[in-house]
Amino acid sequence: MALTGVEIFKLLPKTNCKKCGYPTCLAFAMKLAQGQVTIDSCPDIPEDIKQKLAETSAPPVKPIVFGVGDRAVKLGEETVLFRHEKKFVNPCVFALEIKDTLAESDIQRRIEEVLNSEIERVGQKLRIDGIALTNDSHDGGRFDAAAKIIAAKAPYVPVIFCTDNPVNAETAVKLFPDKRPIIYGANSENYESMANTAKTCKAILGVAVSSDFGRSSGGLDELATLTEKIKALGVTDIVIDSGAKKAKDILRDNTFIRRAAVKKNFKPLGYPVITFAQREDSLIEALITALGVAKYSSIIVLSSIEKWKNLALFTLRQNLYTDPQVPMQVKQNIYKIGEPTSDSPLFITTNFSLTYFIVSGEIENSKVPSYIAVMDCEGLSVLTAWAAGKFTAAKIAHFIKESGIENEVKHREIIIPGYVAILSGAIEEKLEGWKVTVGPREANGIPAFLRSRAA
Ligand code: SF4
């Protein structure tokens with residue numbers, strides 16, 4: 001269990017030397033207990049105590065970086081069971097399964113699908129993050145050949161090598177030196193040689209107690225025993241799979257694992273979870289994946305990429321992995337959509353990300369170059385900001401005057417959201433010389449609104 005501030009204080013030098021930047025050791029201990037400072041800030045803690053404190057203050061689900069460079073993704077580091085308690089930290093990673101039994105052209109096509117999967121939503125780039133190469137052939141040569149295609153075509157995409165054959169795993173993983181891949185398939189029979197390969201190749205080790213490789217399930221007890229044995233061999237970057245395949249089993253096992261890690265600080269299960277969601281029916285696969293996103297999977301392997309499925313899953317993941325206490329917001333600014341001139345329309349809205357991206361998307365669809373004045377309302381949407389007194393006539397007038405837009409446009413017309421039509425008179429009073437036009441209530445009315453003005 002994590003130590004309290006007072007328990008940490010008892011382990012500190014108690015000299016109140018202030019080298020950590022705090023006036024007393026007690027103040028430092030309290031900050032350390034809250035996770036607001038790191039142990040390194042105190043230079044006088046003996047090494048053994050430092051190690052003890054580092055262990056107790058580490059997140060209950062081990063943080064692991066999978067892959068390298070721009071496409072690297074972080075796993076784990078979670079601290080809560082429910083998002084509203086604090087937040088979920090590292091979004092679940094999606095990986096596309098590629099079987100080594102496929103023809104080369106099909107392997108190439110599936111890699112392309114991963115590389116082209118990126119979309120942008122509310123300012124964030126979302127994509128299928130990785131590839132899971134499965135050794136369905138059980139043939140080392142085929143597995144190696146498929147790994148070579150991936151290494152050549154997508155060298156920086158994080159890769160999971162799924163095989164329980166240590167020789168095949170080693171051959172493939174050596175094609176990705178220093179790329180932090182995952183070798184998935186360590187079990188009670190092969191864990192020593194798999195751990196050895198993972199250690200030598202600086203790879204992450206995927207541990208499974210039951211899988212498609214034909215072993216019987218020993219349950220979470222066996223999984224916990226295995227991770228401890230692997231840790232004793234010097235491998236600590238581990239992802240775990242309970243072997244659950246059915247929705248109810250995934251829900252049960254993932255919940256148990258997260259609860260054991262977070263509530264009991266049970267280290268043998270304090271690792272990111274990998275889930276295999278592949279199904280013949282895409283809708284069922286999407287539902288299983290959605291369950292994994294919501295309930296504690298850190299990596300989910302999918303059998304196919306379809307635009308509708310990606311959009312639904314990306315949106316769910318993005319929504320669950322935002323901080324519920326911090327609204328997503330864009331910077332206060334005057335944004336140009338297209339190449340507006342001094343005659344182009346000027347819209348105003350709040351800086352809630354979703355509002356901004358929906359409004360800017362609809363203006364883009366209309367093909368009428370425009371300006372959007374985005375006002376800082378602490379990330380609230382239009383109606384909420386108005387109700388909270390943050391999107392008022394006085395504040396809008398002040399923002400417009402300070403924004404410099406008067407130097408950009410010749411006209412003096414501002415289009416306000418239809419939901420705050422009530423503000424139009426007050427804005428005209430405060431913003432001398434300006435005309436207020438009430439725009440549509442919903443952003444999807446913007447193209448028709450702009451077309452009607454042009455007519
Ligand atoms: S640096 Fe260490 S010993 Fe000095 S006040 Fe801070 S916690 Fe105490």
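**Exercise 1. Work out what share of the protein counts as buried.**

Solution. Start with the rule: a residue is buried if 20 or more other C-beta atoms, placed from the backbone, lie within 10 Å of its own, exposed if 12 or fewer, and partly exposed in between. By this rule, 39% of the 455 residues of the protein count as buried. Keep in mind that this is a predicted model, where local features need pLDDT of at least 70, side-chain atom pairs count only at pLDDT 80 or more, and totals for chains, interfaces and linings use all residues. Residues are numbered from 1 along each chain as its sequence is written.

**Exercise 2. Find the buried residues of helix H5 and say how they are arranged.**

Solution. First, locate the helix: H5 covers residues 140-153. Helices are DSSP runs (H or I, at least four residues) and strands are too (E, at least two), numbered from the N terminus.

Next, pick out the buried residues, which are Phe143, Ala146, Ala147 and Ile150. Seen down the axis of H5, they fall within an arc of 100° (taken from the directions from the helix axis to the C-beta atoms), so they line one face of the helix. Gly141 and Ala152, on the other side of H5, are exposed.

Finally, look for the partners. The buried residues of H5 pack against several elements, including strand S3 (93-99), helix H4 (104-115) and strand S6 (130-134). Here, contact requires C-beta atoms, placed from the backbone, within 7 Å.

**Exercise 3. List the domains of the protein.**

Solution. The bounds come from an automatic or database domain assignment. The assignment gives domain 1 (5-57), domain 2 (64-320) and domain 3 (333-454). Taken over C-alpha atoms, the centres of domain 1 and domain 2 are 36 Å apart.

Methods
Expected span 1.5 Å × (residues − 1). Contact = placed C-beta atoms within 7 Å.
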